[in-house]
Amino acid sequence: MSVHEKYMKRCLELAQKGFGKVAPNPIVGCVVVHSNKVIGEGFHQKFGGAHAEVNAINSVKHKNLLKTSTLYVNLEPCSHFGKTPPCVDLIIRYGIKYVVIGTTDPNPIVKGNAIHKLSFSGCDVKIGVREDECREVNKRFFTSHEKKRPHVILKWAQTNDGVIGVKNDRLKITNEKTNKLVHQWRSDEQAIMVGTNTALTDNSELTVRKVKGKNPLRVVIDKDLKIPARFHLLDGSVPTIVFTEKKKPLKKNIEYVKIDFKKTVLKQIFSELYKRNIQSLIVEGGAKLLNSFIKENLWDEARVITSKRKFSELSNVKKGVEAPMISGKIIEQIKNGSDLIKILRNIS
């Protein structure tokens with residue numbers, strides 16, 4: 001491992017501390033090194049707060065050392081005024097002459113600007129250290145800016161013989177340990193989505209009640225507004241968007257967005273979520289909705305949970321709803337008690 005890779009690895013470790021707290025901003029870590037010794041560290045701690053570079057520079061006790069130090073950061077420093085001033089200006093002001101950047105920022109208002117500004121000021125800039133890893137930690141951010149849609153994670157549970165559920169009834173497939181993990185997954189993302197049938201069958205809450213964390217924005221497709229007002233999704237406890245073809249006024253925490261169901265529904269939903277800066281979406285079903293994402297190739301990850309139990313052990317119904325068929329690169333397999341979790345990446 002090279003020296004640059006060593007300190008970039010530390011940047012990535014620091015960046016992860018901000019996961020789930022800074023969206024829609026990227027997670028960023030920064031390290032300041034002088035004479036092969038770390039003299040400052042920082043990460044972006046919360047949305048609207050100081051960026052990683054500011055926190056790292058502020059942590060340096062002897063500021064006179066900055067002029068002969070190297071600053072490492074996993075993402076190109078910001079070069080524009082947002083909720084905070086440009087980090088690149090602070091780097092230049094302190095006379096830091098060596099900057100190592102993991103990857104450029106995909107945001108058009110930033111991309112390459114900071115690198116150009118640093119170079120113009122006389123700074124020696126190196127780009128592309130652990131670049132794949134730097135992109136991976138901010139995959140939601142990159143998907144949003146490069147594809148103009150949220151990073152889509154499909155999730156479902158199936159029996160050992162490939163059944164996802166039963167018509168008009170709820171089927172409990174996973175164990176309690178997995179149920180808790182699913183709630184953690186929800187808290188990691190900005191939005192969660194189900195279709196009408198799942199909402200009606202499960203009376204879904206789509207909250208993170210089994211773990212500590214922030215509830216995601218609830219998104220539901222309800223073309224004809226079939227979901228009863230008494231159901232959890234319409235209780236106003238969590239911000240919720242209902243995509244429908246009907247007109248209906250805003251209620252407490254519930255917004256009805258009219259779309260054209262004669263056109264591509266998912267792309268209209270993506271456009272609306274992108275406008276709202278929603279960078280990640282976990283889709284929990286049902287089978288019809290999941291299959292539409294797969295068919296249109298509008299997904300990035302899939303998390304498939306398989307129980308060791310067969311459908312006949314869980315229901316008296318003779319025939320269940322078949323689980324979606326999906327192909328992708330298996331990047332991780334997790335044994336979670338009696339459940340097996342496969343995480344796939346879309347490589348098409």
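Author: Here is a walk through the sheet, then the cysteines, then the pocket. Keep in mind that this is a predicted model.

Start with the strand order. The sheet is open and has five strands, arranged β2-β1-β3-β4-β5, and the pairing is mixed. The two edge positions go to β2 (37-43) and β5 (124-127). Each of these has a single partner strand, so one side of β2 and one side of β5 has no neighbour in the sheet. Going from one strand to the next, the twist averages 15°.

Now zoom in on the β5 end. Strand β4, residues 98-103, pairs with β5 in the parallel sense, and four bridges join them. Helix α4 (residues 113-120) lies across β4 and β5, and runs at about 150° to β5.

Over towards the β2 end, the helix to look at is α2, residues 52-59.

On to the cysteines. The disulfide count is zero. Take Cys78: the closest cysteine sulfur belongs to Cys87 and sits 3.6 Å away, which is too far for a bond, because the cut-off for a disulfide is within 2.5 Å. Cys78 counts as buried, at 9% relative accessibility. Cys123 is buried as well, with a relative accessible area of 7%. For the sulfur of Cys123, the closest cysteine sulfur is in Cys30, at 12 Å, so that pair is too far for a bond.

Last stop, the second largest pocket. Its volume is about 520 Å³. The lining takes in 30 residues, and those nearest the pocket centre are Gly20, Ala23, Pro24, Glu189 and Gln190. Two helices, α6 (139-147) and α7 (176-188), are the elements that give two or more residues to this lining. Helix α6 gives the most, with three residues.

Note on methods. Residues are numbered from 1 along each chain as its sequence is written. This is a predicted model: local features need pLDDT of at least 70, side-chain atom pairs count only at pLDDT 80 or more; totals for chains, interfaces and linings use all residues. Side-chain values use heavy atoms; hydrogens and water are left out. Buried means under 20% relative accessible area, exposed over 50%, partly exposed in between (1.4 Å probe, protein chains only). Two strands pair if DSSP finds at least two bridges between them. Axes are lines fitted to C-alpha atoms, for helices over the stretch in contact, and angles run from 0 to 180 degrees between N-to-C directions. Contact means heavy atoms within 4.5 Å. On a 1 Å grid over the protein atoms alone, a cavity is a set of points where a 1.4 Å probe fits but cannot get out, and a pocket is an open set with protein on both sides within 12 Å along at least five of seven lines; lining residues have an atom within 4 Å of a point. Grid points are joined across faces, edges and corners, and a volume is the space filled by probe spheres set on the points.
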